[in-house]
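Hi,

Here is the structure I promised to pass on. Have a look at it first, and then read my notes below.

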Amino acid sequence: MWRRRNERGSLGWFEFRTRASVYVLLAAVPVLAVVLGVQHQVRVPGLAVFLLLSVAQAGVCIALLHAGLGRYLAAGPPPGSWLVASAVALTAAGVLAGAAAFPAFTQPPGAAFPVSMLVAMLFDGALIVALTPLLSLRALTALVLVSAAATSGLTASVGRAGAGAYGQALAGSSLIYAFIVGVGVLTCRSSASTLRIMSELDRSRTAHARLAVAEERLRFARDLHDVLGRNLSLIAVQSELAAELARRGDQDAAGQMLQVRQVAHESLREMRAVVSGYRTADLGTELAGAQEVLRSAGMSCRVIGDAAGLPADVQAALGWVVREGTTNIIRHSDATACTIELGIGDSPGAPRAVTLRMDNDRVHTPDPGSAGNGLAGLGERLAGLGGSLTTGHPRNGHFRLQATLPACGAAPVPPGPGQHGTGVSAETPAP
């Protein structure tokens with residue numbers, strides 16, 4: 001269970017805590033039953049049955065609430081009718097057991113809160129809270145009011161009470177009953193609504209990330225098709241023509257094959273240009289693109305520093321770091337904020353170096369078998385330029401990707417936040 005929650009990320013942890021807080025309301029029923037037994041005169045055999053039924057009813061109501069929440073979040077089947085029937089039967093049995101356990105159940109309590117109403121509120125309230133995800137707000141309101149009225153009528157009948165001061169006290173007790181049960185229902189319903197909103201936001205964020213990846217794949221496929229489609233078709237046609245000429249013994253067959261070779265070389269050159277354009281990244285453009293991609297995925301992105309003045313090879317290498325780091329944040333984390341910091345260090349006795357840091361606030365460590373070779377390829381690329389690539393956790397829950405390259409005559413990078421040369425703001429909040 002812990003592994004599943006870690007894989008689901010912050011949403012899984014939030015759902016776990018929210019569900020647990022609601023389940024605690026129902027788990028408190030046996031505890032309140034014990035408190036009720038301590039504070040009132042009881043018949044011991046009847047009290048034992050009363051406590052056992054309170055434990056059984058709490059367990060069934062928790063199971064019913066769990067199934068109801070799954071249905072409310074559209075993540076599971078509706079609860080079985082047998083589960084609802086069991087909860088109703090245990091509720092009725094618990095009220096009857098309370099009548100047998102408490103001698104004051106059938107006696108007018110005077111100014112005190114009626115014992116019969118306390119017992120009914122304990123069991124009926126638990127049942128209504130368990131049914132909260134399955135019913136509309138109008139149905140829940142009607143159920144609370146009907147339950148309060150029925151409990152008030154039960155108390156009046158078993159207490160053999162008439163009108164007067166006791167009737168007024170009973171009406172006040174009914175209002176207290178409706179208020180307490182209503183608060184429990186509203187707490188459960190608001191928690192369920194919050195879980196639904198968080199689930200929808202998580203699904204939307206996942207869809208944004210998948211859409212960004214799909215758009216990039218389509219762009220690359222479109223470029224390959226546009227560049228190579230015509231040439232490959234031309235190669236096929238000229239090859240067939242050369243083969244036909246060769247079968248006829250025509251001397252032009254060799255000329256056609258030379259044209260095929262020329263088109264093949266041209267296609268190879270154009271394909272390299274496409275791949276080079278796909279792999280070569282301008283740092284300023286990549287910083288702006290990272291902000292846009294992360295913003296569309298529901299994260300804020302802050303850029304500190306300016307890419308202007310850096311050599312072209314340094315910008316290209318660091319641009320690839322930004323692209324790969326952004327991809328990893330979307331794929332392997334549920335971060336809400338990312339900071340990209342660019343600067344040039346001037347340490348005494350050491351050559352000037354350009355440092356790029358990418359920090360995000362939440363990260364999942366992938367399984368060893370699922371890790372790709374993106375970071376390894378970046379490390380090799382930077383090592384070829386005399387640089388290095390490191391990863392780490394500067395503080396709990398955060399992840400840092402840091403790339404360092406020799407400055408090689410680069411101009412100083414402005415230290416504070418501001419424009420990074422691409423015309424976009426240094427900090428782009430999540431929508």
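Keep in mind that this is a predicted model. I began with helix 4, which runs over residues 81-101. Its 21 residues reach 30 Å from the first C-alpha to the last, close to the 30 Å expected at 1.5 Å a residue.

Which residues in helix 4 are buried? They are Leu 83, Ala 87, Leu 90, Thr 91, Gly 94, Val 95, Ala 97, Gly 98 and Ala 101. These residues cover an arc of only 165° around the axis, so they sit on the same side of helix 4. Turn to the other side of helix 4 and you will find Ser 81, Trp 82 and Leu 96, which are exposed.

Where they meet, helix 3 brings Phe 50, Leu 53, Ser 54, Gln 57, Cys 61, Leu 64 and Leu 65. From helix 5 come Val 119, Leu 122, Phe 123, Ala 126, Leu 127, Val 129 and Ala 130.

Val 275 has a relative accessible area of 28%, so it counts as partly exposed. In sequence, Val 275 and Leu 224 are 51 residues apart, while in space they are 8.8 Å apart, C-alpha to C-alpha.

Cheers

Terms used: Residues are numbered from 1 along each chain as its sequence is written. This is a predicted model: local features need pLDDT of at least 70, side-chain atom pairs count only at pLDDT 80 or more; totals for chains, interfaces and linings use all residues. Side-chain values use heavy atoms; hydrogens and water are left out. Helices (H or I, at least four residues) and strands (E, at least two) are DSSP runs, numbered from the N terminus. The expected span of a helix is 1.5 Å times one less than its number of residues. Buried means under 20% relative accessible area, exposed over 50%, partly exposed in between (1.4 Å probe, protein chains only). The arc is that of the directions from the helix axis to the C-beta atoms. Contact means heavy atoms within 4.5 Å.
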